[in-house]
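User: Please take a close look at one part of this structure and describe what lies around it. A single connected account will do.

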Amino acid sequence: MSTIAVLGAGKIGESLLSGLLNAGYSPENLLFTERYQQRAEELTKRYGVRATDPPTAARQADVLVVSVKPQDIEPLLDEVGELVTPDKLVVTLCAGLPTSMFERRFTSGTPVVRVMPNTPMLVGEAMSAVSGGTHATESHLDLVEGMLGSVGRVVRIPEDQQDAVTALSGSGPAYFFYLVEAMIDAGILLGLPRSVAAELVVQSAVGSATMLREGEGHPVIMREGVTSPAGTTISGVRELEKHGVRAALIDAVEAAHSRSVELGAKHRQETDSDGA
Ligand SMILES: NC(=O)C1=CN([C@@H]2O[C@H](COP(=O)(O)OP(=O)(O)OC[C@H]3O[C@@H](n4cnc5c(N)ncnc54)[C@H](O)[C@@H]3O)[C@@H](O)[C@H]2O)C=CC1
Ligand SMILES: O=C(O)[C@@H]1CCC=N1
């Protein structure tokens, strides 16, 4: 089995480690690097996975999963760039950053696969989208799809769709959590105890999500099924429309897309001026 190193064990890096362990990966086949010593110790205690430094991870692992913030990428690449050779597979989870930027920093021919996952990976319910760079073969993509398939669902997409995916499913859980948070507040306003409001809203979210995934119908049909003539729901839906909630959600996703494009812009310009 391949050894996988997670470079940067923050929120998404930890979700991946935890998800892979839950899916049956052995702690002996996993490594991670983390710049904060205390966090590294906590994670080793929690998961039994060994922490190391980035150069050691780059030498020892077969698959290097890059999960630092896009803003922190340069120092990490300075540290490991020359150690990464074509016998390794690099998997980047970084929002916005193109595979070409990584390829330029490693030994020529190194395969890079770009992935946009999301935090439900923590509970084996990630949505991940995968795109191969110049040197990624079918077997590299299969390996990455196998790894991410053990912690959720996976789709393969052209790399030029990654910014849209980042905005929709990468950031998407935040929008669902935000809606849940607002609905719990509404329950509090109506006088329900917080714990009761939370249980009502969370189970409604889980039930609705299960219907969306397992039901045959379109979301519009499912919403119509809840919306009785002269009933309660239509009174609520009218308020959502009055406040422009649909347009606000579309604008939110479009803004997240623009930010993803912006995060990668500097690196795309460098690639263009290299003539790559
Ligand atoms: N949080 C999310 O929902 C998602 C995040 N991503 C992407 O994953 C990446 C990580 O995001 P988060 O986990 O949210 O950030 P985070 O800030 O929680 O985690 C990054 C971790 O990397 C560590 N780190 C930074 N530089 C390092 C270095 N040189 N060596 C070792 N460790 C280093 C930091 O100490 C931190 O713990 C980002 O590029 C983000 O775009 C992708 C999909 C979803
Ligand atoms: O907010 C962010 O930049 C990251 C990327 C997708 C989700 N979280």
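Analyst: Helices here are DSSP runs of H or I with at least four residues, numbered from the N terminus. The model is predicted.

Ligand 1 is surrounded by 27 residues, and the closest are Gly 8, Gly 10, Ile 12, Cys 94 and Ala 95. By type, this shell consists of 14 nonpolar, 8 polar and 5 charged residues. Helix 1 (11-22) and helix 4 each contribute at least two residues to it. Helix 1 gives the most, with 3 residues.

Helix 4 spans residues 73-80, and its buried residues are Ile 73, Leu 76 and Val 80. Viewed down the helix axis, these buried residues fall within an arc of 70°, so they line one face of helix 4. In an α-helix there are 3.6 residues a turn, so residues three or four places apart point the same way. The buried residues of helix 4 pack against strand 1 (4-7) and helix 3 (54-60). Pro 75 and Asp 78, on the other side of helix 4, are exposed.

Val 90 is in strand 5 (residues 89-92). Val 90 counts as buried because 26 other C-beta atoms lie within 10 Å, where the cut-off is 20 or more. Beyond its neighbours within four places in sequence, Val 90 is in contact with Leu 64, Val 66, Val 84, Phe 102, Phe 106, Thr 110, Pro 111 and Val 112. Glu 103 is 13 residues from Val 90 in sequence, with a C-alpha to C-alpha distance of 9.3 Å.

Notes:
Residues numbered from 1 in each chain as written. Chains lettered and ligands numbered in written order. Predicted model: local features only at pLDDT ≥ 70, side-chain atom pairs only at ≥ 80, totals over all residues. Buried ≥ 20, exposed ≤ 12 C-beta atoms within 10 Å, placed from the backbone. Contact = placed C-beta atoms within 7 Å. Arc of directions from axis to C-beta. Near = placed C-beta within 6 Å. Nonpolar A, V, L, I, M, F, W, Y, C, P; charged D, E, K, R; others polar.
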